[in-house]
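Dear colleague,

Please find below the structure that I am handing over to you. My notes on what was found in it follow directly after.

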Amino acid sequence: MGEYLVADDLTRSYGGAAPAVDGLSFSVRRGELFALLGPNGAGKTTTIRLLTGLLGPSRGTAYVDGMDVRDAEKGPEIRRRIGLLPEAAGLYESLTVHRNLELYGRLFGLSGTDLEGRIRGQLTSLGLTDRADHRAGTLSKGLKQRLAIARALLHEPECVVLDEPITGLDPEAAKSVRDALVALRAQGRTILLSTHHLEDADRLSDRVAVIRGRLLAVDTPAGLKRRLFRRLVAIELSAADATAEQLAAGVAGVNSVHRDGPRLTLDLARGEEEVPEAVERLVRAGYRIRSVAAIEPSLEEAYLRLLEASPRTDSTGAGS
Amino acid sequence: MSAVRWPLVREVLRKDLEEIARSRQLLYPLFVLPVFLTGDALLVFSTSVLSHNNPRLGLGDAFFSFASFLLVLPVILPILLGSAAVVMEKTNHTLESLLSTPLTDTELLVGKSLGPLVPAMALTAASYAVYGVGAELLVRSHAPGASLPWGSFLLTGLLLAPLLGLLATFVAIAVSTKAKDVRSAQQLASLVLLPLLIPLILIGIALGPMPLYQLALAAAVAALALLVLRVTTLRFHRDQILVAGV
Ligand SMILES: Nc1ncnc2c1ncn2[C@@H]1O[C@H](COP(=O)(O)OP(=O)(O)OP(=O)(O)O)[C@@H](O)[C@H]1O
Ligand SMILES: [Mg+2]
C-alpha cells in the first residue's frame, strides 16, 4: 500500500508574520479516504492547494504519486492525476452545464465520442441530464456542487481532492455527495477531503488529520477517540453544580470531569472501577442520580478536546 | 519551458470568446467604440474633403491624421477585455479549477492574451477597412484627382495598430493578474497606457505620412511590447495569480 499524497514539512506563508500552514507532515495512502479537519482559518484550503500543486510551498514540499510539486515540469502530469473540487464550485455561469464539462474534458485532453460518453455518464450519475443545456448560473447551489463534482471526475482521476464538498447542501444533496464519496472509495480511488462535518468524517474516512496551522493529530477516527478518551461515563443527576463536579473529580482514577447541565461526564484512567466510588460520593452528598451510562465519544468530542488541549500558535485564529 | 500545446490554448481562447459574447458589460463598449470612432473619423474627414479648397491642410495629411486617431482602438479594446481576462476568473472563483487542469502557465498566458487580442484586432482591422474605403469613396466623388498616402495608412493600420494591440494586451494581462476587480484593472491599465498612447498619436500626426517614420514608431512600440511581454511572463505564475489581490 503506497503513499499517494505526501506532505513533508509542508509550510506556506502568505507574507504575514506567521505561516498559514506550518511544518505539516502526513501522507494519504493509495485507495484511502482521508479527511482534513480543522477550524476556520486552520489552513485546510491552503494545504489542499499545496498538495495539488496550485500553491508553491514556502518550505518543505509535497509529493503526488511520487512527483514533487515543486517540479514545474511535472505540473501537468500531477494535475492530471487529481480531480479537484475547490472550495467555491467555480463554474462558468454563462456557459451551459454541458459546455462546462466539455471545456474541462478538453483541457484534460479528452475529445470526440469518448468525451461525449463521459459527459453523458457524469450527467446521468449525478442526475443532471435534463439540465445539460441550462446555463450553469441558473442551477441551485446543490446542483452547482454536483456539476463541479462531475467536472472533477470527468477525466477519471486516480485521486479526488474535495474542499468542503458538503458545506451548504441540503440533507438530500449532502447524502448524494456522501454516496458519491463512498462509491469513489469503492472504486479504489484515493480521496482527500476537508470538512467541518465530523460525523461524516467519522463514518466515511479511513483516517483523519486535525490541523490548526500545525498538525495536531493523524489517526483513524477510532484511534483518535481512544487516544483522547480512555473511558467515558456519563452520570446524570437531577441537578449538577460545581460541587458535584469537584466531588467526582476528586475520585482517584478520574482524569477529568466535564459538566453540561445536569450531566457529568467522567473521563476515566483505568476502567469503570471508579464509577461506584464516584456515585457513592455524590449520593452521600445528597445528589440524586438519574442514570449512569458508558458513552462512546463522538469524533466531534475528540476533535473539540484535541483543539482545547493544543495551545494556539499565533499563526491562526487570531483576530478573524 | 515545454512546448505550448495549441489545442489547449485554443480551448481557453474559445471559452473566453464565448464568455465575452455573453457579457453585456464587455460586448457593448466593444462594438460601440469602433463604430463611433470610425464614424467620427469619416465625418471629420468628409468636412476636409468638402472644404478642400482650403490649401492649409492637405487632404492626405487629414486622411492620415484620422487614421492615426484610430490607434485609440487597438489600445482601448485590449484594455477593456484584457483587464478582465484573469481577474474575472478570480472574482467568479473559476481560477482555481482552471489552474487545476493540465494547462501550463505559458499556455494559460497565451490563451488569455489571445482572448482580448483576437476580437480587438478584428474590430480594429474592420474599422481601418471601413475608414479607408469610406475615405477613398469620399475623395473619388468630391475631390477627384487627390491622392491619399496609402503606404503610411497601411503601415499604421496593419503594423503599428497590431503592435500597439500586443503592447496593450500584455499590459492589461499583467495588471489583471494583480488586480482586485475588473474595474480597478481597467483603470490601472488605462493609467499606464493612455500617457503612452496620446503622445504616440500626436507624434505620429506631427511627423506626417512618411512611411519611414511609421516604421520607426512601429519598431519602438514592438520593442516596448517585447519588454512588457518579458516582464509579464516572468510574473505570470499560478501561485502568485491565485494569491494576489484577494
Ligand atoms: N490569499 C491569501 N492571502 C493572505 N492570507 C490568506 C490567503 N488565503 C488564506 N489566507 C490565510 O491563511 C490562513 C488559512 O486559510 P485557509 O483558507 O487555508 O483555512 P481553512 O482551514 O480552509 O479555513 P475555512 O474552514 O474557513 O475554509 C487564514 O489565516 C487565512 O486568512
Ligand atoms: Mg477552506
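Two strands are said to pair if DSSP finds at least two bridges between them. Helices (H or I, at least four residues) and strands (E, at least two) are DSSP runs, numbered from the N terminus. In S8(A), A:Ser194 is the bridge partner of A:Leu36.

This is a predicted model, in which local features need pLDDT of at least 70, side-chain atom pairs count only at pLDDT 80 or more, and totals for chains, interfaces and linings use all residues. Residues are numbered from 1 along each chain as its sequence is written, chains are lettered from A and ligands numbered from 1 in the order in which they are written, and side-chain values use heavy atoms, with hydrogens and water left out.

I begin with strand S3 of chain A. Five of the five residues of this strand (residues 33-37) are buried, so S3 is largely enclosed by the rest of the structure. Here, buried means under 20% relative accessible area, exposed over 50%, and partly exposed in between (1.4 Å probe, protein chains only). A:Leu33, A:Ala35 and A:Leu37 lie on one side of S3(A), and A:Phe34 and A:Leu36 on the other. In a regular strand, side chains alternate between the two faces of the sheet. S3(A) runs parallel to strand S8 (residues 190-194) of chain A, and four bridges join them. Four bridges also join S3(A) to the parallel strand S9 (residues 207-212) of chain A, where A:Val208 stands opposite A:Ala35.

I turn next to ligand 1. Its surroundings comprise 15 residues, the closest being A:Gly41, A:Lys44, A:Thr45, A:Thr46 and A:Glu87; a residue is near a molecule if one of its heavy atoms lies within 4 Å of it. These residues come from chains A and B, so the site is shared between chains. Helix H1 (residues 44-51) of chain A gives the most to this shell, with three residues. Polar contacts are pairs of N or O atoms within 3.5 Å. A polar side-chain atom of A:Lys44 lies 2.7 Å from an oxygen atom of ligand 1, and a side-chain N or O atom of A:Thr46 is 2.5 Å from an oxygen atom of the ligand.

Finally, which residues coordinate the magnesium ion (ligand 2)? They are A:Thr45 (OG1) and A:Glu87 (OE), at 1.9 to 2.4 Å, where donors are N, O and S atoms within 2.8 Å of the metal (3.2 Å for Na, K and Ca). The two residues are 42 residues apart in the chain. A:Thr45 is buried, at 16% relative accessible area, whereas A:Glu87 is partly exposed, at 43%.

Yours sincerely

Methods. A polar contact is a pair of N or O atoms within 3.5 Å; within protein, one must be able to donate a hydrogen and the other to accept it, and residues adjacent in sequence count only if both atoms are side-chain atoms.
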